[in-house]
Amino acid sequence: MVSTSGGGTSRSGQPAAVELSNRPTHSADASRAGVGGSGAAPAARNVEAETLLPPGSQPASTRNGEATLCIRGMVSQGPVESVLRRMRGVQNVTFGPLQHGMVQVEFDPALVSGEQLVAAVEDAGFMEVGLMACSPSTMKARAMVLRQNLFGSATCVVWRDLLRKDGAMLAAVGSLLLLLFVAAMFQVANDAALLSSGGAIDVWIVAGDSSAVGANSGDGQATPHAVSSWPGRIWMFTGHGQWTDAVSNIHATSGIHGFTDAAAVGPGIAFARTLILTETSHKVGLIPVGMPGSDMNAWDPSGGAAYDFMIRQVVAAVDPHMMPGAHLRGILWLQGTADAASAHLSSQHAQYLATMIMVLREELESHLIRGAEHLPLVMAVMAETPDSPYDPINEPEEQQHSFGQQKAPAPPPPLQPPRVGPMAYAGEVRLSQAMVARGVEHVVSVDLDGYETWDPTGGAGGTNGVRYLTKRGAAAVGAAMATAYVEAAAVSELDEMEALGVQPGDDQLGSRRRRQAAL
């Protein structure tokens with residue numbers, strides 16, 4: 001749990017003090033793909049051998065239907081909510097900001113359809129009602145979505161009214177349609193993604209340093225199938241502010257932070273594919289914001305360039321007008337290499353990281369982003385290196401749990417010569433990340449120790465002594481991070497039901513068994 005003193009952190013002030021208290025940890029230490037460092041080699045995980053559905057196939061799902069309506073002139077929620085909730089088959093109604101007029105409806109497709117929802121609202125006196133997205137959808141509903149995204153609800157009303165006039169108005173109708181068609185062509189590139197994105201999409205931020213972006217184009221490996229694109233199912237938000245089908249390297253397409261190495265592979269796509277294959281998500285959207293070589297100063301909420309860029313991208317990506325049905329689900333975090341070169345940054349790493357998580361949640365919540373208050377963070381814990389003076393993950397339990405607690409003054413340690421090398425303080429960073437995973441709520445961790453890495457210099461000490469995840473290693477890490485999240489979410493769901501005194505039904509248990517089987 002995170003507790004603060006001084007009332008939090010402002011964008012212009014200094015980070016507030018954060019205490020990390022002990023709590024059970026969700027971690028994933030299994031499923032390795034190769035070996036890094038010294039010691040006995042764990043069994044390598046063959047990502048290519050995983051059972052993966054071919055692109056375009058859809059796993060069985062029992063999800064309810066979802067429709068997004070755009071209602072112009074809505075000044076209060078009450079009348080619309082009353083109309084919709086009276087309809088047979090409507091299960092939930094969620095409103096966006098009134099000025100946007102966005103309403104999301106969950107319904108039973110066997111009892112009601114998207115066009116019937118629109119008709120009911122129109123019958124209640126709202127004349128400008130559009131269907132932005134609908135899944136599942138009938139042929140008529142798909143036509144309504146297409147018309148809405150191309151022309152807008154107001155234009156459709158004008159068209160309808162004109163057709164009610166006498167034949168003398170047909171010339172005006174033709175002229176109007178021609179003008180609207182020309183104007184719509186200027187937005188085709190952006191609208192194309194929206195027109196095919198019906199239904200909910202689970203959105204994840206991919207943040208951190210080179211481990212999040214990918215630094216393996218020269219490792220000699222072919223691109224694993226686990227990081228291949230999945231059109232219509234896996235999306236990415238570009239640096240130009242558009243949703244589009246994701247590619248193997250989601251950072252390189254639009255040059256996020258100047259990164260353009262499209263042959264490199266990060267963990268994002270493998271993470272998304274695993275969520276889909278376990279039926280945790282039907283569609284996944286990724287927001288790439290990683291900055292190669294970044295330390296925690298770049299992610300400082302008080303003005304760090306990487307942090308500020310992340311906030312801008314996330315707020316834009318989940319705007320209902322940009323992607324109807326987008327739900328921010330969490331953040332993938334892979335970072336720490338640059339901090340491992342600095343005695344100061346490594347000693348403050350836990351404080352900086354915990355503060356960033358807290359402020360990020362608060363700031364996204366201030367933008368009215370649903371679920372931001374408890375936004376999950378799935379974190380990769382830095383692997384042990386030969387330069388690490390010890391293995392902090394395997395230290396005595398009482399030493400690990402002493403972080404952030406008051407203790408009696410200890411005698412000063414013996415003077416030691418300064419360590420040299422870019423990974424000289426990797427042990428301290430590794431310990432800090434493990435402490436954050438234990439002490440901050442809604443953080444899930446995956447230990448990178450043992451995943452396949454490569455040496456860009458061919459054995460001459462690496463790039464400044466740093467080893468990077470190979471393509472297979474990055475794919476395996478992405479799948480492991482998704483697995484850790486799915487398992488933690490399943491445990492949390494059943495624990496919550498137990499706390500409320502609710503017995504899980506066959507649906508919940510069956511869903512959990514299917515996910516476990518897929519994992």
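I began with β5 and β6, which form a hairpin with six residues between them; glycine 101 in the turn has a positive phi of about 70°. Strands here are DSSP runs of E of at least two residues, helices are runs of H or I of at least four, and both are numbered from the N terminus.

I noted that this is a predicted model, in which local features need pLDDT of at least 70, side-chain atom pairs count only at pLDDT 80 or more, and totals for chains, interfaces and linings use all residues. Residues are numbered from 1 along each chain as its sequence is written, and side-chain values use heavy atoms, without hydrogens or water.

I looked up the pairing next (two strands pair if DSSP finds at least two bridges between them). Strands β5 (residues 90-95) and β6 (residues 102-107) are antiparallel, with five bridges, and asparagine 92 stands opposite glutamate 106.

I then traced the open sheet, whose four strands follow the order β5-β6-β4-β7 with antiparallel pairing. Its edge strands are β5 and β7 (129-135), each pairing on one side only.

I turned to β4 (residues 65-71), which six bridges join to β7; leucine 69 has leucine 131 in β7 as its bridge partner.

Finally, I looked up arginine 467, found in the loop between β15 (453-454) and β16 (468-469). The side chain of arginine 467 makes a polar contact with that of threonine 453 at 2.9 Å (a pair of N or O atoms within 3.5 Å; within protein, one must be able to donate a hydrogen and the other to accept it, and residues adjacent in sequence count only if both atoms are side-chain atoms).
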